[in-house]
Amino acid sequence: MTKSEAPQGGARRSSGRGGLIFLGIVVAVYAMVLGFSPETGLQALAFSASVFRKLAVPLSLVFVALVLTNLFLKPHDISLLVGKDSGLKGSLLSLLAGVLSVGPAYAWYPLLGTVRSHGGGVGQISVFLFGRAIKPFLLPVMIACFGWVFTLSITGLVAIGALVLGRLMSTLQGREA
Amino acid sequence: MLPLLGGVALLIGLFHTAIPSSVLGTLFSGDPLLDSLTGAGIGSILAGNPVNSYVISEQLLADGVSVFAVAAFIISWVTVGIAQLPAEALTLGTRFAVLRNSLSFLLSVPIALLTAMFVALSGGTL
């Protein structure tokens, strides 16, 4: 397995330094944008600030879930629930978790990294991330905007698509994950 | 993890400002497959609360953009994340992140086509 493929250990160990490098690159891009077009740069900063504010609650929930996962769920439990051999039951559980999850996807990456390092399957994690496109609390808004048929069709198809993606990821990533 | 999330949030702000929703409608041609791919592409770049994608999509439909494009746009808005890709790669592995985002992008197209087909079968306009 190459370093880039390392699912947990290597990737997670390097995420601290990698995160700082990534932030440094983005800050450098901002410096250039602010230099060339200060108005655009300031608008982007204002929008980012609103993203930060919205992140606070979901991120707090995720960190609580992270602590609880590490405290109460042993790797063996996670393997049984959403491990690579958990089958359709594990995928459906991941889909339900994805549907009920709140906040942006990247707020969930630390928890998903932990789940993966504890034996969670790549297919199940993919199902979770794709299933997030179904937002039960937003269904009334979607119905109001696009109608019943569109909403029911896209919701059902996304659920099926999530399971298909999970299967594809398990197959293509191999069973080493 | 916080520097990573900070970088993602800053990048989303930059994308959001660089691509105003008013210019999105001009990017569609009317071809179902091409529009689905374009919708999925734009949804992959933009990010934020899904409600924003509904509001933008409603406006796109009002401007004459097809259901194919709008469905692909809504799906990829949540399931594909160009701005989040570095963060996903660092926490879950580069191969995983690239493969998952690529497959999610590709899956959004048939889902959009089928969604539009169901809308058409129910008597709706595409």
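## Basis of the description

The model is predicted, and local features are used only where pLDDT is at least 70, side-chain atom pairs only at pLDDT 80 or more, while totals for chains, interfaces and linings use all residues. Residues are numbered from 1 along each chain as its sequence is written, chains are lettered from A and ligands numbered from 1 in the order in which they are written, and side-chain values use heavy atoms, with hydrogens and water left out.

## Confidence in chain A

The predictor's confidence in each residue is given as pLDDT, which runs from 0 to 100. Chain A has a mean pLDDT of 83, with 88% of its residues at 70 or more. Within this chain, confidence is highest in helix α8 (residues 148–173), at a mean of 96, and lowest in helix α3 (residues 75–82), at 75.

Over residues 1–13 of chain A, pLDDT stays under 50, and the model has 25 contacts for this stretch beyond four places in sequence; a contact means heavy atoms within 4.5 Å. Where pLDDT is low, the predicted coordinates should not be read in detail.

## Helices of chain A

Chain A holds 8 helices and 0 strands, where helices (H or I, at least four residues) and strands (E, at least two) are DSSP runs numbered from the N terminus. Of its 177 residues, 46% count as buried, a term that means under 20% relative accessible area, with exposed over 50% and partly exposed in between (1.4 Å probe, protein chains only). Among contacts in chain A between residues at least 6 apart in sequence, 75% join residues at least 24 apart.

Helix α4(A), residues 87–100, has 14 residues that should span 20 Å at 1.5 Å a residue, and its end C-alpha atoms are 20 Å apart, which agrees; the expected span is 1.5 Å times one less than the number of residues. The buried residues of α4(A) are Gly90(A), Ser91(A), Ser94(A), Leu95(A), Gly98(A) and Val99(A).

Asn70(A) lies in helix α2 (residues 38–72) of chain A and, because its relative accessibility is 42%, counts as partly exposed. Beyond its neighbours within four places in sequence, Asn70(A) is in contact with Thr114(A) and His118(A).

Helix α7(A), residues 139–146, packs against α8(A) at an angle of about 130°, with the axes 7 Å apart. Axes are lines fitted to C-alpha atoms, for helices over the stretch in contact, and angles run from 0 to 180 degrees between N-to-C directions. The two helices α7(A) and α8(A) are therefore oblique to each other, since angles under 35 degrees count as roughly parallel, over 145 as roughly antiparallel, 65 to 115 as roughly perpendicular and the rest as oblique. Residues making this contact include Leu139(A) and Phe146(A) of α7(A), and Trp148(A) and Ile154(A) of α8(A).

## Helix packing in chain B

In chain B, the axes of helix α2 (residues 32–45) and helix α6 (residues 94–121) come within 9 Å and cross at roughly 130°, so α2(B) and α6(B) are oblique to each other. Among the residues that meet are Leu33(B) and Leu37(B) in α2(B), and Phe105(B) and Leu113(B) in α6(B). Buried residues of α2(B) include Asp35(B), Gly39(B) and Ile42(B), and what covers the buried residues of α2(B) includes α4 (67–79) and α6 of chain B.

Helix α5 (residues 85–92) of chain B also meets α6(B), with axes that come within 6 Å and cross at roughly 135°, which makes α5(B) oblique to α6(B).
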